[in-house]
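Thanks for coming. I will walk through one model, and I will keep to a few parts of it.

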Amino acid sequence: MIGNDWDNVLKVIEESAGFKKFLNIINEKYANSIVFPPKNYVFNALKLTSFKDTKVVIVGQDPYHGIGEAHGLSFSVQKGIKIPPSLQNIYKELDSDLGIKPNVDGDLTKWAKEGVLLLNAVLTVEKDKPASHRNLGWELLTDYIIKALNKKEEAIVFILWGNFAKDKKKYITNPNHLVITSPHPSPFSARNGFFGSKPFSKTNEFLVKNKIKPIDWKL
């Protein structure tokens with residue numbers, strides 16, 4: 001399904017009758033309504049960042065629900081699409097934290113290739129209906145992904161922005177890992193503790209401390 005080592009990690013779920021039934025429901029959604037991201041992008045985060053190569057996890061809620069925006073990476077939009085407000089604020093914090101100026105577009109694929117798993121908790125959404133696929137079953141898969149990463153001996157940084165992402169913290173029990181939490185970067189909450197939280201420098205300091213190559217956050 002994925003095409004890399006995630007298939008082995010997720011084999012139990014991928015081959016289960018319950019998950020196959022759930023995928024049939026998702027396929028029906030694609031057949032009968034407008035769903036994002038395009039079907040070939042649904043597992044993009046896992047395809048671009050293998051289990052072995054995952055150094056950092058940034059958890060989002062569900063995909064952007066506008067035309068042409070979502071492409072399977074949390075907080076990321078396709079090239080040529082207007083940068084959403086939350087991502088604008090992420091770029092502002094990146095500039096404040098590391099002096100990296102905002103990128104001209106919102107495509108975060110380079111981060112994914114650096115080892116940053118840009119994982120939404122829910123992997124699909126209906127057009128113009130945020131959270132419309134919440135509680136359909138995606139959470140079972142994404143919770144399993146977090147639990148699998150938690151078992152890794154090699155240190156990982158989990159970046160949880162907002163209450164929805166923070167809910168995953170209960171699955172991160174391995175003391176080898178670092179969990180960074182703050183309010184969500186949306187305009188409604190960014191000034192309540194997201195700005196000034198320095199997640200990018202904290203991540204790299206932790207990786208270097210654990211003798212892991214830091215992330216090149218420049219896009």
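**A tour from loop to sheet to helix**

Let me begin with A131, which counts as partly exposed because its relative accessibility is 36%. Please keep in mind that this is a predicted model. A131 lies in the loop between β4, residues 125-126, and α7. It is not a glycine, yet A131 has a positive phi of about 65°. As background, most residues other than glycine have a negative phi, and most peptide bonds are trans.

There is another residue of this kind to show. F75 is not a glycine either, and its phi is positive, about 70°. Where is the place of F75? It is in the loop between β2 and α5, the latter being residues 85-98. Is F75 buried or exposed? Its relative accessibility is 8%, so F75 counts as buried.

Now a peptide bond. The bond joining F36 and P37 is cis, with omega at about -5°. P37 is placed in the loop between β1, residues 35-36, and α4, residues 44-48.

Next, the sheet. In general, strands of a sheet pair through backbone hydrogen bonds, either parallel or antiparallel. Here we have an open sheet of four strands, in the order β3-β2-β5-β6, and the pairing is parallel. The edges are β3, at 116-120, and β6, at 178-182; each has a single partner strand, so one side of each is left without a neighbour in the sheet. On average, neighbouring strands of this sheet are turned by 20° against each other, direction ignored.

Look at one pair in detail. Strand β5, residues 157-161, runs parallel to β6, and five bridges join them. For L160, the bridge partner in β6 is T181.

What packs on this sheet? Helix α7 does, touching β2 (56-60), β3 and β5. The direction of α7 makes about 150° with that of β3.

That leaves α7 itself. The helix covers residues 138-150, which is 13 residues. From first C-alpha to last, α7 reaches 19 Å, close to the 18 Å expected at 1.5 Å a residue. How much of α7 is buried? Ten of the 13 residues are, so the helix is largely enclosed by the rest of the structure. Among the buried residues of α7 are W138, E139, L141, T142 and D143. Further along the helix, I145, I146, A148, L149 and N150 are buried too.

That is where I will stop.

Definitions and conventions:
Residues numbered from 1 in each chain as written. Predicted model: local features only at pLDDT ≥ 70, side-chain atom pairs only at ≥ 80, totals over all residues. Heavy atoms only, no water. Helix = DSSP H or I, 4+ residues; strand = E, 2+ residues; numbered from the N terminus. Expected span 1.5 Å × (residues − 1). Buried < 20%, exposed > 50% of the residue type's maximum accessible area, 1.4 Å probe, protein only. Pairing = 2+ DSSP bridges. Axes fitted to C-alpha atoms, helices over the stretch in contact; angles between N-to-C directions. Contact = heavy atoms within 4.5 Å.
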